[in-house]
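Subject: Structure handover

Hello,

Please find the structure below. My notes on it follow.

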Amino acid sequence: MLLSMARETILWPSAAALAAMLLGLFPGDARFKPVVSAIATGTGFLVGYTLIYGTFAFPPIEPQGWLPALLATNILIFSFDDLAGFSHNIRIALQGILSIAGSALILLPLFKTGFPALQLALSSLLWFGLWIALDGRKGPVLLLVAAGNAIVSATTGSTMLGQLGGVLAAVLGWQLAFNFPKSRIPLGHAGTAVAVTLLASLMLIGHAYADTALIPSLLLLCAIPADFLGKHLSRNRKSLEMVICGALALIPVAIASAIAIKSYLAQEY
Amino acid sequence: MNKAIATLAAALALQSGIVLADAYQVQNSSPAGTYKIDPTHSMVQFWVGHMGVSEFPGRFDAISGSFTVDAAHQEADKVSVAVPIDSLDTNFDKRNKDLLGPDFFNAKQFPTMTFTSTGVKMKNANEGTLTGNLTLHGVTRPVTFTLRHVGAGPDPWGGYRSGYVAKTTIRRSDFGMNYMLNGISDAIEVQLNIEGKRQ
């Protein structure tokens with residue numbers, strides 16, 4: 001069963017993302033490369049989603065059913081951004097609207113028992129903050145947070161959400177590998193939009209429906225300021241920046257993962 | 001001396017299985033009437049295949065509802081049952097959490113499982129079938145149970161009770177629960193034991 005889970009979570013999504021990214025290596029207009037990157041990230045995730053969850057009802061029955069629609073919306077909107085270039089204000093406004101809309105869609109089933117105003121406000125704010133912080137950011141921080149979220153979800157919340165988080169991390173791993181040391185197919189606005197939307201959605205579903213542990217999740221988010229600290233410390237020395245940022249961002253992710261794994265082992269199957 | 005003999009006789013009687021009270025027996029009075037389900041003597045149990053090597057049980061401890069039985073007018077018979085999903089117990093907290101989360105039951109979104117009968121057909125006094133709509137995980141599907149009437153009769157507190165055992169097998173994928181079908185069986189045996197107190 002573990003092998004089957006590894007195939008669903010890593011092998012097939014990676015193969016799909018890799019195949020899509022190889023297409024981006026063909027010579028062509030450089031503006032299309034971030035779009036290819038977003039499509040590769042989305043395709044890889046969709047393959048994993050299909051194998052793991054496999055439900056495509058519309059409107060979705062459950063919150064995780066919104067993931068393909070959110071993914072497609074973000075690719076469409078922000079591919080246009082990568083190709084034509086939105087103004088900064090329009091981009092920020094769209095990111096804000098989509099953060100609120102995404103949070104609302106995921107929390108929608110809970111509206112039946114009362115309006116979760118505080119939860120909606122906090123999740124929208126964190127989603128938006130995550131997006132603003134990571135948009136245009138190179139390096140491993142997004143991958144590290146996604147991988148940490150997969151571990152925290154699987155061990156303290158839901159195995160399925162952990163697997164879906166693992167799919168996202170696997171696809172982002174290939175993304176990083178393709179752009180290291182030289183940027184070939186950068187993530188761009190569309191790719192970041194897809195990755196952040198999936199990450200924020202999975203984290204929110206975990207907290208709202210699977211009681212994923214809060215402290216490790218908050219620790220994961222500390223990787224973002226750690227990454228910024230790394231950027232500051234490396235003082236624009238590009239060769240060092242990725243190493244310093246990665247090392248600093250890894251600290252809270254490793255602590256969060258260790259806490260989650262320890263709590264899981266305390267009640268081992 | 002007499003006391004010692006009496007004590008010895010009592011001990012021998014108990015040892016040899018001689019019981020002074022009446023033996024347990026099924027009550028065969030008429031089940032006709034409308035009953036409210038007694039949650040302390042009713043339960044939903046299920047068995048699910050685990051990794052192809054075992055059939056693991058679980059149960060829902062809370063149950064509410066009612067049933068109406070009229071042997072002369074079987075078309076008027078009806079059963080209505082509601083089960084809070086978070087009353088699930090599989091004897092291990094971590095597994096309970098997994099089952100109640102989005103991987104399977106998604107109890108926060110779908111907190112209740114309900115069954116409403118559409119027909120009861122008794123082939124004799126004690127056996128028959130119960131057909132109705134089961135709503136689980138936000139999906140409603142028709143389900144048919146085999147039905148066995150266990151007994152009916154007065155209780156020691158002046159009430160009147162009747163009880164049934166209903167069994168069926170459902171496919172969880174029919175109810176949108178598709179996760180980990182390679183490790184946890186799609187087919188789930190369900191058994192509903194209900195005891196009602198006549199209103």
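In chain A, the side chain of Asn179(A) reaches the backbone nitrogen of Ile185(A) at 2.8 Å, a polar contact (a pair of N or O atoms within 3.5 Å; within protein, one must be able to donate a hydrogen and the other to accept it, and residues adjacent in sequence count only if both atoms are side-chain atoms).

Some conventions before the rest. This is a predicted model, in which local features need pLDDT of at least 70 and side-chain atom pairs count only at pLDDT 80 or more, while totals for chains, interfaces and linings use all residues. Residues are numbered from 1 along each chain as its sequence is written, chains are lettered from A and ligands numbered from 1 in the order in which they are written, and side-chain values use heavy atoms, with hydrogens and water left out.

Asn179 and helix α7 of chain A

Asn179(A) lies in the loop between α7 and α8 of chain A; helices (H or I, at least four residues) and strands (E, at least two) are DSSP runs, numbered from the N terminus. Asn179(A) is buried, with a relative accessible area of 13%. Here buried means under 20% relative accessible area, exposed over 50%, and partly exposed in between (1.4 Å probe, protein chains only). Leaving aside neighbours within four places in sequence, Asn179(A) is in contact (heavy atoms within 4.5 Å) with Arg184(A), Ile185(A) and Pro186(A).

α7(A) has 20 residues and spans 29 Å from its first C-alpha to its last, close to the 28 Å expected at 1.5 Å a residue; the expected span is 1.5 Å times one less than the number of residues. Of its 20 residues, 16 are buried, so α7(A) is largely enclosed by the rest of the structure. At the start of α7(A), a side-chain oxygen of Ser158(A) comes to within 3.3 Å of the backbone nitrogen of Met160(A).

Contact between chains A and B

The contact takes 31 residues from chain A and 21 residues from chain B. The two chains bury about 2100 Å² between them, 51% of it on carbon and sulfur atoms; buried area is the accessible area (1.4 Å probe) that two parts lose on being put together, summed over both.

There are 14 residue pairs in polar contact between chain A and chain B (both at pLDDT 80 or more). On the side of chain A that touches chain B, α1 (2–23), α6 (141–156), α7 (159–178) and α8 (188–209) each supply at least two residues. α7(A) gives the most to that side, with four residues.

The count of salt bridges between the chains is one, a salt bridge being a side-chain nitrogen of Lys or Arg within 4 Å of a carboxyl oxygen of Asp or Glu. Lys108(B) and Asp211(A) form a salt bridge through their side chains (2.6 Å, N to O).

Backbone points to check

Most residues other than glycine have a negative phi, and most peptide bonds are trans. Asp211(A) has a positive phi, near 50 degrees; this residue lies in the loop between α8 and α9 (214–221) of chain A and is partly exposed, with a relative accessible area of 46%. His137(B) also has a positive phi, near 60 degrees. His137(B) is found in the loop between β8 (127–136) and β9 (139–154) of chain B and is buried, at 4% relative accessible area. The peptide bond from Phe58(A) to Pro59(A) is cis, with omega near 0 degrees.

Regards
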